[in-house]
Amino acid sequence: MPISASELLTLTREGLYCPLGRFHVDPTWPVERALITHGHADHARSGHGEVLATPETLRIMAVRYGEDFCRSRQEACLGEPMRIGDVTVRFAPAGHVLGSAQIAIEKDGKRIVVSGDYKRAPDPTCLPFEVVPCDVFITEATFGLPVFVHPDTRGEVRKLLDSVALFPERAHIVGAYALGKAQRVMALLREEGWDRPIHLHGAMEKLTELYKQEGIPLGETPKVVAAERKDLHGAIVICPPSSIQDLWARKFPDPVTAFASGWMRVRARARQKGVELPLVISDHSDWPDLCRTIREIGAEEVWVTHGQEDALVHWCGTQGIKAKPLHMLGYGDDGEAEPDPGAKPEMEEASA
Amino acid sequence: MNDFAHLLDRLAYEPRRNAKLRLLKDFFTSTPDPERGWALAAMTGNLSFREAKPAMIRALVEERVDPVLFGLSRNYVGDLAETVALIWPTPTVIPGRREASNPESTTGHDGTSRIPSRVDPGFSPLASPGMTGERRDAGPGHNNPPPDVPTLSDVVETLATTAKKDLPRHLANWLDALDETGRWALLKLVTGNLRVGVSARLAKTAVGALGGHEPDAIEEVWHGLEAPYESLFAWVEGRGERPETLNPAPFRPPMLSHPIEEEADLDKLDPAAFSAEWKWDGIRVQLAGGRDRDGRQVAKIYSRTGEDITGAFPDLAEAITFEGAIDGELLILREHRVQSFNVLQQRLNRKAVTPKLLEEFPAHVRAYDVFADEGEDLRALPFSERRKALEKLIGHLDHARIDLSPIVPFATWPDLAAARADPASAGAGEDADAIEGVMLKRLDSVYQPGRPKGPWWKWKREPFVVDAVMMYAQRGHGKRSSFYSDYTFGCWREGEAGADELVPVGKAYHGFTDAELQKLDRYVRNHTTKRFGPVREVAYGREAGLVLEIAFEGVQRSTRHKSGVAMRFPRVSRIRWDKPPAEADRVEALERILERGEREIAPGESMETDA
């Protein structure tokens, strides 16, 4: 009798749980043993007993929560199978942010892949997504509607540079999540030839420094000094999304407000936030890539964790693929992933 | 069409007026006729064609996209045109590429392996072999000609001539050919929903700027023109004559005044150089009459901004039997008495002009200036001469609907101050409640469009003031986008349980300095009790709360406010950091002001049953 998927992985209050290995994956509450896909705050929380994750993710967690974020930590090497209890676990790159991984859990020939958040678009700051064939594929659906088709990032970065050329006297304030998006925007700017300093809000500093230590060249990234804001004509400044409409941002010379996010594809979203220069740059898969990935993986069954699950589950049905929503709470801020204007900047990098 | 669409897209995100103007100028400079003319017509609301119904557009999409997915998307995006623009399957497939990509490979850093994915799944959500399926199966070597990207002219001309049954086919072809922004703009255009963050005035300002003309110079010729305005562009670009206005009763841009802020402002002015008249609380209009080429009388009524409102006032239009144009105030008169602005508004708000409406709300014009008489332009004459001409014109006309705004005699500024403080005793009699101050016009002033400083002044009566308590605050826009700068305030009244409660009576977003705004913003942030999206509720009650002194011009009945009243032009006149909220004013104070304005003459029984 082959093992069933639900014996391998179930849903508990804390999140996904593997009873045979006695560990949780990305639990939203403190647990004894956690396997973490990536460093965003909604997936990687502090206070667990043991944590198994990629070395980069462990270092990200240490930067955010302090060295004592868990009792003991263990590094997972990408691609190497590990035995945990009665199951075999293997980490594979997810292409989402630095250190992000999918986690394949296997026993008796049955394999479930928890993909965490992932994208298929190229990203100079992390390893590309790997297709891991499996029986059950657990996917996100942050941009799970056919209206979401992310354009080539190069064109989006060019929009920013064109605007700087058009308004050389104005500062360009770019809202971007502090882990991943911010550094990706910096790397993309460097690829497009922007060699002037990229100025950073204080909330961006530590993680950007970590990316540099991990060997990702981001060039000169000075922290904004409050008193010097008024002199930053023509500068590109990266800050947390909540800060673009803050008094902090108003002190720059005639600021142009930009926001790098997949949500910027929807005009009303951009306008609600007072964004003048929407940059559609996302670390999540767009709709065509969600669908393509599900096809390529070839899983018989798809579980959808968070986002616009209804549409993706419906689409799976039209393709003859069994699918169900997990209705998981705590990921991606109710699936809207809209940053709360009152939220503290350091909590915001989790979404979109 | 794509150029126009990208202009609209950029305008939609651009909050600054000067930047919008620059975008518009660039567009008009770089876009040929007739394309730019149709764009101007679209932005000034001068296009007319058969509009596409949302149901028809939905049907087109649902032939191509799974209706369930479309429905979910539509709910999420919240706008039909935008949803369709984003979800419309692009037919520009690169055939055969998909087969070439290796499904097992991880996506490389080359963009090419990504291109086939653009085509895929969402756009084949129909399980049945639909249109998208056929397209994808076209296979290598398939060579459909690329669809033609329509120009705005193509769209406008086709819509004007096409039969209803052919509309879906044209629309689908255009949607296939356009990019996302183009689709969005097209759908906004064809559904008659083109709100682009640009006023007609701004578009005309940009056209004028092409040739160094003031916007008023464009307004002068505007009403004689028709889309696509080739003669207008030829003129502003110095390639042609100023367009002859074919309209025998054209609009003329009005002359505006500057406010007298305080009595001391008058010290610099010589009372002997000025004439004074009442400032009426109505709406400013122009009555223009003339003969067309066949000798028939043409009568036009224009609003202050040049909008043709003749259709709404047939009772007044029939009084325009002269060849000329006068400047005056539109008022409702009953039994020779001017009614309050409240009464006028009841007529303005009606869509259908019924005999009953005409009878109960008879429109009048109180004339105060003349642009032209018997075909002669009088604007270069001094006011004193124009006034004589106006008196002669109105006297000859001798029509009950059009009378003269009387001159208020005065010798010294204190005389005028007394008249302003008590119009009833200074000759206005029972019309005093419809007077909102006095106008001062230099006797030697020529009629200059725009707002020249010096010749005309308005000296409004003292505003009403109440002390109200701040209840909610909302973030502002543009320069103030980070500040809580829009305040909803309330006054006290007796609640249902007998205890006093605060009810909102209005909203104000100006009247304070930037420094005060910073303090108010800090106050809001430190006293927030609840959040509703961009709105914060602040602490208010007998003990806690901030009192704002609100100045306003009048009170109207309102079904929108819980208190049943709404203020006209409310602004924060003082911040009463010192005043306990329990001592703020009561709603009854506003109701008393309202009653004063409502001492109008009832038009008869039917009016009462209406109310």
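Predicted model: local features only at pLDDT ≥ 70, side-chain atom pairs only at ≥ 80, totals over all residues.

Tutor: Chain B contains 23 helices and 20 strands. Of its 611 residues, 37% are buried. Where contacts in chain B link residues at least 6 apart in sequence, 68% of them join residues at least 24 apart.

B:F383 belongs to helix 18 of chain B, which covers residues 383–397. B:F383 counts as buried because 22 C-beta neighbours lie inside 10 Å, and the cut-off is 20 or more. If neighbours within four places in sequence are set aside, the contacts of B:F383 are B:S275, B:K441, B:R442, B:L443, B:D444 and B:S445. In the case of B:S445, 62 residues along the chain separate the pair, yet the two C-alpha atoms are 5.3 Å apart.

We may now turn to the backbone. B:P34 sits in the loop between helix 2 (17–30) and helix 3 (35–43) of chain B.

A cis peptide bond also joins B:A227 to B:P228, with omega about 5°. The loop that holds B:P228 runs between helix 13 (215–222) and helix 14 (230–236) of chain B. B:Y229 is found in the loop between helix 13 and helix 14 as well. The phi of B:Y229 is near 55°, a positive value in a residue that is not glycine. B:Y229 is buried, since 26 other C-beta atoms lie within 10 Å.

A positive phi, about 50°, also occurs at B:E335, again not a glycine. B:E335 is placed in the loop between strand 5 (324–334) and strand 6 (337–338) of chain B.

Finally, consider the nonpolar cores. The largest has 220 residues, and B:L186 is one of the members that touch the most others, together with residues of chain A including A:I173 and A:V174. Strand 7 of chain B, residues 363–373, gives the most to this core, with seven residues. A second, separate core consists of 33 residues, among them B:V466, B:Y472, B:L502 and B:A508.

How values were computed: Residues numbered from 1 in each chain as written. Chains lettered and ligands numbered in written order. Helix = DSSP H or I, 4+ residues; strand = E, 2+ residues; numbered from the N terminus. Buried ≥ 20, exposed ≤ 12 C-beta atoms within 10 Å, placed from the backbone. Contact = placed C-beta atoms within 7 Å. Core = buried A, V, L, I, M, F, W, Y, C linked by C-beta atoms within 7 Å.
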